Amino acid sequence: MYGVIERRRQYLHLMRQITLEKGHFTAADFQEAAGVPRSTAQDWINRLVSEGCVVVKEKKQGRLPARYVATSAVPASACRRIFTTVDGDWVEIYHDCMSGACAAFCGYHHRRAGGVLTHVQREGTLLRECARIGQSDTAIGLYPAAAVGVTAVRREGDMVVQKIRCIGGPAYSLSDMMSGAQGVENIRIRKKGPLVEGEVYTRALTHVVIGVDDTDSPAGGATFAIALALLQHISGIAGVIPIGHHVAMLYPSLPGKTAGNSCSFIDIAVDPQKLGPVEERVIKFISDEADSPEWGVAFMRGFRIPAELRDFGKQARSGIVTRDSAIRVARNYGIVLHGGMGVIGALAGVSLWGLDNAVLLDVDADVGGSPAPKQM
């Protein structure tokens, strides 16, 4: 099902692009753009004609081929990516939009609706939401009610299913756009009067947080840069979806620091079957690219941060901690460490996952206690 949805999205995008450029397209135009056999090109055109996404502008006449037009220049989807990671009975829902305004709209109304969501956070065009598996009814409607909300989240095998209730513009997005987002496997729609309810199916991916530190030296390099390069590198692996890159300040008076003493961490969503190869690629990349022999990497699966782990991050921001302490804490929570003294800062980065950038960058800011999913 995923392959069919992905190809449909790609092919419809090509057809719309050619229509905008030439005013129409032929089977040969589409065949050349898509790089598929002529019979496959025609089969897809016929399918999209039957769905109403493509219209026959001129029928075939003798040697003149039929001409087609895509029915709308409106983007096939304002939703770039929708994907989910799981950690026990908790789910992180990620929705990457084409527009920061769209992400802000959904975040605002999801927060107002409540439902099963315990936390909603937006960074640019990326909306991150946390939910516990279960259901919670919520009123959806026109102002002053929320226009869209997530009323249930459940697991079905290797799938996460979100139940969304909405009205107006969000209903159009649910019924006409979300199926075009990367990561969506299936959508089931049901109308209930003016409301639209939909079940959105996405794969249950593993959340991985990777801390990196001590990759630079007095002669050159920067940990933030190598962490960003790492994110770009592993994003090319099939089954890996990039989420974010962050910088966190640690104890500024640490003896021997190369500059201001910051660490970096990235997070990704990974197909569970690709976890081993991803970890191997991470270690090889950092060991090859680091300027310092003391580089360190921390590799954590999941997104829930226990109190002891968060406390380690606090200690690394307020004073000197030892490598033995990092090894002990990491072992307690199944976090894999690689490298030299840099594992201290790498584990500190992992321990600070989930905090706002304003807190990460202010070493004097209060990081709070154990970051159990927040209540709205």
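Contact means heavy atoms within 4.5 Å. Helices (H or I, at least four residues) and strands (E, at least two) are DSSP runs, numbered from the N terminus. The legends below describe a predicted model, in which local features need pLDDT of at least 70 and side-chain atom pairs count only at pLDDT 80 or more, while totals for chains, interfaces and linings use all residues. Residues are numbered from 1 along each chain as its sequence is written, and side-chain values use heavy atoms, with hydrogens and water left out.

**View 1. Packing of helix H9.** The buried residues of H9 (residues 323-332) pack against H8, strand S15 (336-339) and helix H10 (343-351). These buried residues are Ser325, Ala326, Val329 and Ala330; buried means under 20% relative accessible area, exposed over 50% and partly exposed in between (1.4 Å probe, protein chains only). They lie on the same side of H9, because they cover an arc of only 130 degrees around the axis, the arc being that of the directions from the helix axis to the C-beta atoms. Asp324 and Arg331 are exposed on the other side of H9. Glycine 334 follows H9 and has a positive phi, near 70 degrees.

**View 2. Salt bridge between arginine 304 and aspartate 87.** The closest N and O atoms of this pair are 3.4 Å apart; a salt bridge is a side-chain nitrogen of Lys or Arg within 4 Å of a carboxyl oxygen of Asp or Glu. Arginine 304 sits in the loop between strand S14 (296-301) and helix H8 (307-318) and aspartate 87 in strand S3 (residues 79-87), so the bridge ties together parts that are 217 residues apart in sequence. Arginine 304 is partly exposed, at 37% relative accessibility, whereas aspartate 87 is buried, at 16%.

**View 3. Salt bridge between glutamate 92 and arginine 128.** In this pair the closest N and O atoms are 3.0 Å apart. Glutamate 92 belongs to strand S4 (residues 90-97) and arginine 128 to strand S6 (residues 126-132), and the pair links distant parts of the chain, 36 residues apart. Glutamate 92 and arginine 128 are both buried.

View 4. The closest N and O atoms of arginine 190 and glutamate 197 are 2.8 Å apart. Arginine 190 has a relative accessibility of 47% and counts as partly exposed; glutamate 197, at 5%, counts as buried. Through salt bridges that share partners, Asp137, Arg165, Arg190, Lys192 and Glu197 are joined into one network.

**View 5. Surroundings of serine 292.** Serine 292 is placed in the loop between helix H7 (275-289) and S14. With a relative accessibility of 12%, serine 292 counts as buried. Apart from neighbours within four places in sequence, serine 292 is in contact with Asp214, Thr215 and Asp216.

**View 6. The whole protein, for orientation.** The protein has eleven helices and 15 strands, and the structure holds 17 salt bridges. Its C-alpha atoms fill a box of roughly 80 × 50 × 35 Å, taken along the principal axes. Of the 376 residues, 50% count as buried. Among contacts with a separation of 6 or more, 64% are between residues 24 or more positions apart.
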